[in-house]
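Here are my notes after a look through the model. They go from the sheet to the ligand site and then to the helix packing.

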Amino acid sequence: MDLSFTDVANPLTRTGGYLAGVTSHSLQPYRGCPLGSSLCGVGCYVQHNPWLTRGRRWGSFLEIRQSTAQAYLSHAPRERRWAHRKGSRFSIFLASSTEPFPPQERRYGVTAALLEAMLVEPPDELVVQTHSAAVTDHRGSLLELSRRCRLRVHVSIESDRETLPGLPPPGSPVARRFDAARTLHEAGLETVITVAPLLPLLDAETFFRRAAASAGALVLDHFVGGDGTPDGRRTHRTALPAAMEAVEPGSSSPEYLERVLEIARRVFPGPIGVGADGFAARYRAGAA
Ligand code: SF4
């Protein structure tokens, strides 16, 4: 892993594309992602961004943006005014192109410092998106922050399978992510399981029952439409679709999402969202 340190001028990026209707801003405490070498990294949409990778293999580098918290405090008031002027809430997606709690976070504490800064200058809304069970290390700050802004924690669990043929294991095992979601949910945080992109499920009913015990809401998305192209062509350039088809023929087609959604609606008692609407908490009714 190639580690480097950078200072970021303004960590708040005004959103466009997929996230435009989700939050007003996104924020990346790191550039690059160590989980890029794990299962979620195989189809990770970010690897197709040449401006970000600068020719480096996805998962091979991590830039630690050590000034993130300080820069957030300097820029949040202006970005808040910008969002409010256009009639939006000052809402932040943390993070869309990195993992906010990579293993290096325990040593460098960039996201921890940012959450502390947000306690001083809270956004109107914060969406914490993670693939890591280490999010529970930050339960205290998240709870404190949830009293000052609308806060949702999205825990990504794309399948009940630990891996797919020929692909690496996940950075955080499925059971640990379910446990993490449950810990946050039981602590009273608004916790959402994001099944995005949906990977083939072994037992969808049991998966959604587990989800019901671990979160209040569910978001599903398929890489077709979810990877920023209408036909999933970015993901089709990776090894993910063939591995999905090897265990569940048809799962690389968006019709698979419809099939799974039907089961989710039957089993999951809470609200269910699909695609960008789901990430924005514009849910459809569940089974209740
Ligand atoms: S954790 Fe997120 S950003 Fe990192 S590789 Fe996985 S999907 Fe991509």
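This is a predicted model: local features need pLDDT of at least 70, side-chain atom pairs count only at pLDDT 80 or more; totals for chains, interfaces and linings use all residues.

1. How many bridges join strand 8 to strand 9? Five: strand 8 (residues 150-156) and strand 9 (residues 190-195) run parallel, and within this pair His154 sits opposite Val192 of strand 9. Strands here are DSSP runs (E, at least two residues) and helices likewise (H or I, at least four), numbered from the N terminus; two strands pair if DSSP finds at least two bridges between them.

2. A word on provenance. Residue numbers start from 1 along each chain as its sequence is written.

3. On to the ligand. Around it are Cys33, Leu35, Gly36, Cys40, Gly41, Cys44, Val46, Ser97, Thr98, Glu99 and His131 (a residue is near if its C-beta atom, placed from the backbone, lies within 6 Å). That shell splits into five nonpolar, five polar and one charged residues. For the classes, Ala, Val, Leu, Ile, Met, Phe, Trp, Tyr, Cys and Pro count as nonpolar, Asp, Glu, Lys and Arg as charged, and the others, Gly among them, as polar.

4. Helix 3 (residues 68-85) and helix 5 (residues 110-120) have axes that come within 8 Å and cross at roughly 25° (axes are lines fitted to C-alpha atoms over the stretch in contact, with angles from 0 to 180 degrees between N-to-C directions). That makes the two helices roughly parallel, a label for angles under 35 degrees. Thr68, Ala69, Tyr72 and Leu73 of helix 3 meet Val110, Ala113, Leu114, Glu116, Ala117 and Val120 of helix 5, with contact meaning C-beta atoms, placed from the backbone, within 7 Å. By class there are eight nonpolar, one polar and one charged.

5. Helix 5 also packs with helix 6 (residues 139-146): their axes come within 10 Å and cross at roughly 20°, so these helices are roughly parallel too. Leu115, Glu116, Met118 and Leu119 of helix 5 make the contact with Ser141, Glu144 and Leu145 of helix 6. The classes here are four nonpolar, one polar and two charged residues.

How values were computed
Angles under 35 degrees count as roughly parallel, over 145 as roughly antiparallel, 65 to 115 as roughly perpendicular and the rest as oblique. Two residues are in contact if their C-beta atoms, placed from the backbone, lie within 7 Å.
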